[in-house]
Amino acid sequence: MQIFEYNGSALVAMVGKNCFAIASDRRLGVQLQTIATDFQRISKIHDRLFLGLSGLATDAQTLYQRLLFRHKLYQLREERDMKPETFANLVSALLYEKRFGPYFCQPVIAGLGDEDKPFICTMDSIGAKELAKDFVVAGTASESLYGACESMFKEDMEPEELFETVSQALLSSVDRDCLSGWGGHVYVVTPTEVKERILKGRMD
Amino acid sequence: MECVFGLVGNGFAIVAADTSAVHSILVHKSNEDKIMVLDSHKLIAASGESGDRVQFTEYIQKNVALYQFRNGIPLTTAAAANFTRGELATALRKNPYFVNILLAGYDKETGPSLYYIDYIATLHKVDKGAFGYGSYFSLSMMDRHYHSGMTVEEAIDLVDKCIMEIRSRLVVAPPNFVIKIVDKDGAREYAWRESVKDAAVASA
């Protein structure tokens with residue numbers, strides 16, 4: 001029994017022209033059994049920063065609560081929101097704290113930094129950061145996601161085209177993975193608005 | 001094998017649990033009540049290791065009561081569920097409790113709700129949920145017949161269908177079940193479904 005494959009997940013974040021998209025599947029399972037088809041894997045840290053957590057659901061929930069707490073404290077002290085780069089460092093530090101008893105999660109962080117420049121990164125379960133200019137993936141469907149994103153990605157996509165690309169990449173990848181799927185959750189974030197959309201894919 | 005399942009209806013939530021206390025091949029008793037009344041409007045149906053089940057649910061019950069004494073108002077169902085998850089999560093990497101929980105409650109403002117909390121502290125709000133080997137039958141039965149806004153009669157009919165399915169298809173099927181309901185009038189026992197009656201305990 002693989003601990004990272006206990007609940008099943010699929011996460012992808014992609015960079016566009018002054019915008020980014022972050023998408024996840026909606027299945028919550030316990031190995032072969034599906035428990036729910038409306039599980040939220042992506043959480044908002046602030047209006048311009050989103051965190052997706054793949055892997056073991058219980059650790060994802062604990063980690064999210066700890067990170068939200070740290071961000072709220074930061075907001076009280078600094079009187080402003082955290083930059084995505086700073087937040088990524090915080091996540092990495094929190095994960096490495098548990099180096100010899102880790103959280104079984106792979107986070108995907110996506111945000112708009114200074115001058116509305118999109119920032120995405122992922123890391124492994126012990127906090128090894130991986131910055132990328134185009135897209136990052138995580139979860140049980142990550143191999144399929146790498147292939148789909150690599151072939152569908154184009155530089156400087158507008159929000160609408162980015163939404164289409166991310167959705168197609170997500171749905172086609174989760175269809176090849178039995179542990180993730182049951183629809184999709186896509187957030188497209190521009191400097192002015194956040195658009196949240198639910199996808200209906202193969203429900204199996 | 002322990003079977004626990006539950007669903008949310010129109011203004012109420014219903015949970016059913018088997019009532020056999022088993023150690024290896026021996027059935028100690030067939031009228032063990034595994035659904036605890038947490039407070040006036042909450043039920044906690046627990047399955048798993050029997051010592052952990054009793055100790056942990058009593059611990060939660062007493063802490064929920066303490067909150068009410070200290071603050072003068074009862075916890076909401078969501079708050080109680082999150083508290084339970086927190087306790088399970090804290091204990092997870094030290095001294096885990098092997099208890100799976102379905103927490104059903106009724107709040108005046110938000111109506112009935114059901115929370116799925118598994119032993120590794122994965123929390124999710126659901127319309128229908130189940131644990132144990134019986135879940136393979138009861139979840140499928142509920143997927144087929146459940147619709148939102150069921151009346152009590154329809155829900156009890158569905159619960160009985162699930163019990164029939166478990167009795168006929170599970171190899172070591174528990175003979176007896178208890179059904180409890182929670183609605184605006186409070187949490188209470190609804191019925192027992194017995195096919196084997198325990199001999200009455202002789203008075204001392």
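# Why these terms apply to chains A and B

Me: In this predicted model, what makes the pair of B:Arg93 and A:Asp59 a salt bridge?

Reply: The closest N and O atoms of B:Arg93 and A:Asp59 are 2.8 Å apart, and because the rule asks for a side-chain nitrogen of Lys or Arg within 4 Å of a carboxyl oxygen of Asp or Glu, the pair is called a salt bridge. In general terms, side chains of opposite charge can pair when their charged atoms come close.

Me: Where does each partner of this pair sit?

Reply: The pair crosses between chains, with B:Arg93 in the loop between H2 and E7 of chain B and A:Asp59 in helix H1 of chain A.

Me: How many residues does each chain bring to the contact, and what area is buried between chain B and chain A?

Reply: Chain A brings 21 residues and chain B brings 16, where a residue counts because its heavy atoms lie within 4.5 Å of the other chain. The buried area is about 1400 Å², and carbon and sulfur atoms give 47% of that area. On the side of chain B, the three residues B:Arg85, B:Arg93 and B:His124 supply 39% of the area that this chain buries against chain A, more than any other three residues.

Me: How many residue pairs are in polar contact between the two chains, and which elements of chain B supply the side that touches chain A?

Reply: Ten residue pairs are in polar contact between chain B and chain A, both residues of each pair being at pLDDT 80 or more. Helix H2 (77–92), strand E9 (123–126) and helix H3 (135–145) of chain B each supply at least two residues of the side that touches chain A, and H2(B) gives the most, with four residues. By class, the residues on that side of chain B divide into nine nonpolar, four polar and three charged.

Me: Why are E5 and E9 of chain A said to stand at the edges of their sheet?

Reply: The open sheet of chain A has five strands in the order E5-E6-E7-E8-E9, with antiparallel pairing. Strand E5 (42–46) and strand E9 (129–132) each have a single partner strand, so one side of each is left without a neighbour in the sheet. Neighbouring strands here are turned by 20° against each other on average, direction ignored.

Me: How do you know that E8 and E9 of chain A are paired?

Reply: Two strands pair if at least two bridges are found between them, and strand E8 (residues 118–123) of chain A is joined to E9(A) by four bridges, the two running antiparallel. A:Cys121, for its part, stands opposite A:Leu131 in E9(A).

Me: What makes E7 and E8 of chain B a pair, and which strands stand at the edges of that sheet?

Reply: Strand E7 (residues 99–107) and strand E8 (residues 111–117) of chain B run antiparallel and are joined by seven bridges, against the at least two that pairing requires. B:Ile101 has B:Ile117 in E8(B) as its bridge partner. The open sheet of chain B has the order E5-E6-E7-E8-E9, and strand E5 (35–39) and E9 stand at its edges, because each has a single partner strand.

Me: Which strands does helix H1 lie across in chain A and in chain B?

Reply: Helix H1 (residues 57–78) of chain A lies across E5, strand E6 (49–55) and strand E7 (105–112), running at about 10° to E5(A). Helix H1 (residues 50–71) of chain B lies across E5, strand E6 (42–48) and E7 of chain B, at about 15° to E5(B). H2(B) also packs on the sheet, where it touches E5, E6, E7, E8 and E9 of chain B, its direction making about 160° with that of E7(B).

Terms used. Residues numbered from 1 in each chain as written. Chains lettered and ligands numbered in written order. Predicted model: local features only at pLDDT ≥ 70, side-chain atom pairs only at ≥ 80, totals over all residues. Heavy atoms only, no water. Buried area = accessible area lost by both parts, 1.4 Å probe. Polar contact = N/O pair within 3.5 Å; in protein donor to acceptor, adjacent residues only side chain to side chain. Nonpolar A, V, L, I, M, F, W, Y, C, P; charged D, E, K, R; others polar. Axes fitted to C-alpha atoms, helices over the stretch in contact; angles between N-to-C directions.
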